[in-house]
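Here is a short note to read beside the structure. Please keep the view open and find each residue as it comes up.

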Amino acid sequence: MSIDNPNGIIKLPGPWRITFDTNPDTCNLHCIMCEEHSIYNKRSENKHRLMDFTIIKKVIESASRHGLKEIIPSTMGEPLLYPQFEDIIDIASKKRLKINLTTNGTFSGRPARDWAIRILPVISDVKVSINGSNVTLNESIMNGINMNQQLENIRELITFRDELKTNGSTAPTITFQVTYMEQNLNDLPDLLKLAIDMRVDRFKGHHLWVTNDAMITQDLRRNEDAISRWNKIVDRLNDIRNDEGNKSGHRIKLDNVYKIANRKRIGNPVNTTVCPFLGREAWIAWDGTFNVCCAPDELRKSFGDFGNVNQGDFMDLWNSNKYDALIKSWGSSKLCQRCNMRRPLRDLKGC
């Protein structure tokens, strides 16, 4: 049964999308803002967290009967490096689910064209992380990336996307996924122009989560001056989208490009923004823990423990009294109040 709350959160009978943190410790890059792999993050031990594929099968079997439409493999590690990624493709095909993929665009293990042929038919959207329009900037943020090769890989995706369309097949969208920060703020207009020139479908991003001290001054929500400069860039991005779209005939979609009202209102629950995830999506950690949102792990733990799918059926956790209580109280926690992922009510849909 759906639960409709006055705080704007509508709980679905089951999550329409589930993220599986398949391999959070496996990545070939060290992006400066990454919760797990940043060169600024200090680890006390080497971690080798890897999800047992039986967890994925168990959760999908439970949720697929209750409206599950899409799955995301990993948001911290590079998903294409997960040893059983091929099995994810197979189970998604069998259950008629779409995969929503976020990748760093390195396409390790096989040529990008081969990856495109294998994955695009079962993909709803490919979000390629890219954080600068030029080699110097992008490679300074995405430590370890070869941007020239990354762009060639993206072109291969776009080429095969267009082949699917020509053949009358369903084709996924291709997205530039950006982390908004001080370092790339003034470059965002040029990055958008690059996306338009390459015929990318979407330009999407989010403000960074500050997970290490080096990122404090990168936060564009940290003071009124930073907010003001961000808001001017939002206007510029909308102007570019409209102007370049009129010229080229390719109207790219801007996603999660919103102004921030002012510093005093940051984080105050208002009836114009709402969590786009609670009651709609779920996260399963590598060990089977049911996570209720996409906030960094240490922050998310403040909500408490909502169970583990290794000890019970996923839908029992989804329908638990504790999870329902969290939905009903949304907006009261400090984490919800300062969350950078909230969206206008009018845009409450898939991300």
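1. Leu188 is buried, because its relative accessibility is 0% and buried means under 20%. The model is a predicted one. Leu188 belongs to helix H6, which covers residues 188–197. Leaving aside residues up to four places away in sequence, Leu188 touches Val178, Tyr180, Phe203, Trp230, Ile233 and Leu237. Tyr82 is 106 residues from Leu188 in sequence, and their C-alpha atoms are 31 Å apart in space.

2. In what order do the nine strands of the open sheet lie? The order is E11-E10-E9-E7-E6-E5-E3-E13-E14, and the pairing is mixed. Strand E11 (253–255) and strand E14 (290–291) are the edge strands, each pairing on one side only. Helix H5 (residues 147–166) packs on this sheet and touches strand E7 (123–129) and strand E9 (173–180). The direction of H5 makes about 165° with that of E7.

3. Strands of a sheet pair through backbone hydrogen bonds, in either a parallel or an antiparallel sense. Strand E3 (residues 17–20) and strand E13 (residues 281–284) are parallel, with four bridges. Ile18 stands opposite Ala282 of E13, and Phe20 has Ile284 of E13 as its bridge partner. E13 and E14, by contrast, run antiparallel and are joined by two bridges. Here Ile284 has Phe290 of E14 as its bridge partner. The hairpin of E13 and E14 has five residues between the strands, and in it Gly288 takes a positive phi near 100°.

4. Side chains in a regular strand alternate between the two faces of the sheet. Which residues of E13 point one way, and which the other way? Glu281 and Trp283 point one way, while Ala282 and Ile284 point the other way. All of these residues are buried.

5. Two packed helices are described by the angle between their axes and by the distance between those axes. Helix H1 (residues 53–63) packs with H2 at an angle of about 15°, and the axes are 11 Å apart. Angles under 35 degrees count as roughly parallel, so H1 is roughly parallel to H2. The crossing of H1 past H2 is right-handed. On the H1 side the contact is made by Phe53, Ile56, Lys57 and Ile60, and on the H2 side by Asp87, Ile88 and Ile91. The residues of this contact of H1 with H2 comprise five nonpolar, no polar and two charged.

6. H2 has a contact with H3 too. The axes of helix H2 (residues 85–94) and helix H3 (residues 112–119) come within 11 Å and cross at roughly 30°. This angle therefore makes H2 roughly parallel to H3. H2 brings Phe85, Glu86, Ile89 and Asp90 to the contact, and H3 brings Trp115, Arg118 and Ile119. How many residues in the contact of H2 with H3 are nonpolar, polar and charged? Four are nonpolar, none is polar and three are charged.

How values were computed: Residues numbered from 1 in each chain as written. Predicted model: local features only at pLDDT ≥ 70, side-chain atom pairs only at ≥ 80, totals over all residues. Heavy atoms only, no water. Axes fitted to C-alpha atoms, helices over the stretch in contact; angles between N-to-C directions. Parallel < 35°, antiparallel > 145°, perpendicular 65-115°, else oblique. Contact = heavy atoms within 4.5 Å. Nonpolar A, V, L, I, M, F, W, Y, C, P; charged D, E, K, R; others polar. Pairing = 2+ DSSP bridges. Left-handed = near helix turned anticlockwise from the far one by under 90°. Buried < 20%, exposed > 50% of the residue type's maximum accessible area, 1.4 Å probe, protein only.
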